[in-house]
Amino acid sequence: KLEKQALLVCMVALLLCTASSFVALPRLTSPYNSALGLDRPVQRPLCRAPRRDRAVFLRMVEDKEEGKGGLAASEAMYFSTRVSEKGNPKLLYDLIRNQILLGASCVWTLSVIDPQTDPTYFATTSFDPSLFPLLLGAICSAPLVAAGYAISRSESRTWVDINSATSQLALRLFGGKKALATVAVTSSILGLITGAAEELSFRGLGMPLIADRIGLDFSSPSGLAAALLISSVTFGLGHWSWGGENRDNFVTCALQSCTGLYLGTTFVVAGGNVVVPGVAHAIYDAFTLLEAHVSAVSQIEYANEKSAASRLQDAVTSTLDEAVVENARNIFFLADTTRDTRLSIAEVRAAIRQLGSLISEEDLADIFAQSDSDGDGLLDLNDFFIFVALLKDTKTDLLPEQSSILW
């Protein structure tokens, strides 16, 4: 009876953590959306899953009394998201609380499971925090970190929203000011708690208990592979963001299922020592948040410096009002992640997408080509203002209320 109660509590805790670990932003329309004519509000869910951004970070401190967007001096904008300089301690508390709840449910389950009914766990799972497993876990984190970093720097349309959500999470957690030491310590603590709770749940407990419950032979290759696959898919589905777009969720769940498969493989290779995937998971999460913070703050500094120093040709800006000029200039330099003062079509696509609007590839290519004055496939600042003017003129046709899927 106690075992059934413990398993029920564990399942409820998993459901609560899954539901509350994903923070959905309110529907917002930032000053940048309004100035560029992208007035359709957007709901951008923030996924707790470890994913990174190319750090296209938008920040503009405006005077509230002048009515230029209503930003306080201590606030910044990340496209459609307001970000405070000091971060959000409550969000950090919520994430830690959820992971502690998940870990506590696992510990309770461990205290009541019976070697007679669950022999696989007692035969396979171990906890050895000695030096070698710790080093092995650190080594096993390298492929995860490398893959995540490559995704964060990718210009593929597949990763735009996922990368954006990761940056939003880092900015909401730590704020828009550089605080490397604080972020490093906080990310490490959050990574350790997350790695311990999730690896104990999905690998240490999940894989052997799945094998016992559905009658798999964990000692056979086929039974082990089936338990590993089920645990990995479950881990991926746990990163589904309620309220997010289906395309983003499918990509996220597939990515996290692959992550779970890799971590489960390290668990098996390490002889069932949950410390090894736990360390790899912790390092991966900590690096993800730290890299997102550093990259975002660095992009802020670049955008602020370039935006303040830029000068535009009167012929280009004469047809645009002051708000459009100011906001589009900031968007241009925040979208310029290569920092060459030129925007590729991929950078423009990412900027529009992260403002919450969609445009077909055909329309984007057409407007981009019309704006590219020298035909080199890149937009300088003046070209970008032509792009904005063309986009505003035809926005009702290019930005439908019903979102279409971009691939």
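**View 1. Thr-125 reaches over to the backbone of Gly-204.** The backbone oxygen of Gly-204 sits 2.7 Å from a polar atom of the Thr-125 side chain. This is a predicted model, so read every distance here as computed from predicted coordinates. Thr-125 itself is in the loop between helix 4 (119-124) and helix 5. With a relative accessible area of 13%, Thr-125 falls under the 20% cut-off and therefore counts as buried. Who else is Thr-125 in contact with, once you leave aside its neighbours within four places in sequence? Besides Gly-204, the list holds Thr-120, Pro-208, Phe-267 and Gly-272.

**View 2. Arg-203 and Glu-199 pair up inside helix 7.** Here the two side chains meet in a salt bridge, at 2.7 Å from N to O. Both residues belong to helix 7, and they are four residues apart, or about one turn of the helix. Residues three or four places apart on an α-helix point the same way, because there are 3.6 residues a turn. Is this pair buried or exposed? Arg-203 is buried, at 0% relative accessible area, and Glu-199 is buried too, at 0% relative accessibility.

View 3. The closest N and O atoms of Lys-90 and Asp-94 are 3.2 Å apart.

**View 4. Arg-153 and Glu-291 bridge distant parts of the chain.** What holds the closest N and O atoms 3.0 Å apart in this view is listed as a salt bridge between Arg-153 and Glu-291. The partners are 138 residues apart: Arg-153 is in the loop between helix 5 (131-152) and helix 6 (160-174), and Glu-291 is in helix 10. Arg-153 counts as partly exposed, at 33% relative accessibility, while Glu-291 is buried at 9%. Side chains of opposite charge can pair when their charged atoms come close. If you're keeping a tally, the structure holds five salt bridges, including the one shown here between Arg-153 and Glu-291.

**View 5. Helix 8 has a set of buried residues covered by other helices.** Helix 8 covers residues 221-237, which makes 17 residues. From first C-alpha to last it reaches 24 Å, close to the 24 Å expected at 1.5 Å a residue. Which residues of helix 8 are buried? They are Gly-223, Ala-227, Leu-228, Ser-231, Ser-232, Phe-235 and Gly-236. Their cover includes helix 7 (180-213), helix 9 (246-269) and helix 10 (275-309).

**View 6. Leu-229, Val-233 and Leu-237 make a nonpolar patch on the surface.** Together, these three residues have about 270 Å² of accessible area. Leu-237 is found in helix 8, and with 51% relative accessibility it passes the 50% cut-off, so Leu-237 counts as exposed. Compare that with Gly-236, which is among the buried residues of helix 8.

Technical notes. Residues numbered from 1 in each chain as written. Predicted model: local features only at pLDDT ≥ 70, side-chain atom pairs only at ≥ 80, totals over all residues. Heavy atoms only, no water. Helix = DSSP H or I, 4+ residues; strand = E, 2+ residues; numbered from the N terminus. Expected span 1.5 Å × (residues − 1). Buried < 20%, exposed > 50% of the residue type's maximum accessible area, 1.4 Å probe, protein only. Contact = heavy atoms within 4.5 Å. Patch = residues over 30% accessible without salt bridge, like charges linked within 9 Å, V, L, I, M, F, W, Y side chains within 5 Å. Areas by Shrake-Rupley, 256 points an atom, 1.4 Å probe, with all protein chains shown as cover. Salt bridge = Lys/Arg side-chain N within 4 Å of Asp/Glu carboxyl O. Polar contact = N/O pair within 3.5 Å; in protein donor to acceptor, adjacent residues only side chain to side chain.
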